[in-house]
Amino acid sequence: MNNPITSPQLTPQFCFSTVALRDFLRMSRSIDDSITPNLNALFPPSPGFSPQQYPRTFHKRQLSSSACQSFKNQVLFPSWQVRSDVLNYCASVATSPDPDDPESVLRLVESERRRERVVDERLDPYSGRWFPKEARTERLADMVRQERSVEGIVRTRTWRLVGERCGEELRGWEEALNDWRTWRER
């Protein structure tokens, strides 16, 4: 069974490094990507394999509630929480002013040049179209939005598989994660 991933050192540079951020998310989602083997590892070992013991039809066995709860509390929810913390931190970085943006001066110069430029749109109808380069905070905000969407899909799929193996949960993953957060804070 995988251990929950630890949180990286959260700095604005970590967030602006899209490679580092995406690599962290990819590695930390390995628990969700391999959820079936992780849940299968929770079954107690069989004393021995005999084909007569097992019928030809395959049915999914249910895990004990204590094994499921332990997996959710010690592995699944902590890894989800770390990813949520990282995405929340990077979202706050994306909404904060960025005094260290190396391209801010270039964007200002481009914008100033654009304002001074006079072009007859009858001669060049496309001259009125100008698309300024996005600030890196805007690119980060877009990436965080995309990753949050991916996170929702991954968690929904994982929660469905956990529900199949551990017995149907009547609550969704959001409510279960919030309950775990409340339980952890006590």
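Student: Where is glutamate 169 found?
Tutor: Glutamate 169 sits in the loop between α7 and α8. Keep in mind that this is a predicted model.

Student: What makes glutamate 169 count as partly exposed?
Tutor: Buried means under 20% relative accessible area and exposed means over 50%, with partly exposed in between. Glutamate 169 has 23% relative accessibility, so it counts as partly exposed.

Student: Which residues does glutamate 169 touch, leaving out those up to four places away in sequence?
Tutor: Lys72 and Trp159. As for tryptophan 159, its C-alpha atom and that of glutamate 169 are separated by 8.7 Å, with the two residues 10 apart along the chain.

Student: How do you know how α7 and α8 are oriented to each other?
Tutor: Look at the angle. Helix α7 (residues 136-166) and helix α8 (residues 173-185) pack at about 90°, and their axes are 10 Å apart. Angles of 65 to 115 degrees count as roughly perpendicular, and therefore α7 and α8 are called roughly perpendicular to each other.

Student: Which residues make that contact?
Tutor: From α7 come Gly152, Arg155, Thr156 and Trp159, and from α8 come Trp173, Ala176 and Leu177. They divide into four nonpolar, two polar and one charged.

Student: Why is the link of cysteine 15 and cysteine 90 called a disulfide?
Tutor: The cut-off is a pair of cysteine sulfur atoms within 2.5 Å. For cysteine 15 and cysteine 90 the S to S distance is 2.1 Å, so the pair counts as a disulfide. This link is left-handed, with -85° about the S-S bond.

Student: What parts does that pair tie together?
Tutor: Cysteine 15 lies in helix α1 (residues 12-16) and cysteine 90 in helix α5, so the pair ties together parts that are 75 residues apart in sequence.

Student: Are those two cysteines buried or exposed?
Tutor: Cysteine 15 has 0% relative accessibility, so it counts as buried. Cysteine 90 also comes out at 0%, so it counts as buried too.

Student: And what makes the link of cysteine 68 and cysteine 166 a disulfide?
Tutor: Here the S to S distance is 1.9 Å, and the limit is 2.5 Å, so this pair also counts. With -90° about the S-S bond, the link of cysteine 68 and cysteine 166 is left-handed. Cysteine 68 lies in helix α5 and cysteine 166 in helix α7, so parts that are 98 residues apart in sequence get tied together.

Student: How do you know whether cysteine 68 and cysteine 166 are buried or exposed?
Tutor: Set each against the 20% limit for buried. Cysteine 68 is at 3%, so it counts as buried. Cysteine 166 is at 17%, so it counts as buried as well.

Student: What pattern do the disulfides follow?
Tutor: Counting bonded cysteines along the chain, the pattern is 1-3, 2-4.

Student: What about glutamine 62: buried or exposed?
Tutor: Glutamine 62 is found in the loop between α4 (35-40) and α5. Exposed means over 50%, and glutamine 62 has 51% relative accessibility, so it counts as exposed.

Student: What does glutamine 62 touch, not counting residues up to four places away in sequence?
Tutor: Phe43, Glu164, Arg165, Cys166 and Gly167. Glutamine 62 and cysteine 166 are 104 residues apart along the chain, while their C-alpha atoms are separated by 5.6 Å.

Student: Why is asparagine 73 called buried?
Tutor: Its relative accessibility is 19%, and buried means under 20%, so asparagine 73 counts as buried. Asparagine 73 lies in helix α5 (residues 65-95). It touches Pro78, Trp180 and Trp183, again not counting residues up to four places away in sequence.

Student: Zooming out, how many helices and strands does the protein chain have?
Tutor: Eight helices and zero strands. Of its 186 residues, 34% count as buried.

Note on methods. Residues numbered from 1 in each chain as written. Predicted model: local features only at pLDDT ≥ 70, side-chain atom pairs only at ≥ 80, totals over all residues. Heavy atoms only, no water. Axes fitted to C-alpha atoms, helices over the stretch in contact; angles between N-to-C directions. Helix = DSSP H or I, 4+ residues; strand = E, 2+ residues; numbered from the N terminus. Parallel < 35°, antiparallel > 145°, perpendicular 65-115°, else oblique. Contact = heavy atoms within 4.5 Å. Nonpolar A, V, L, I, M, F, W, Y, C, P; charged D, E, K, R; others polar. Buried < 20%, exposed > 50% of the residue type's maximum accessible area, 1.4 Å probe, protein only.
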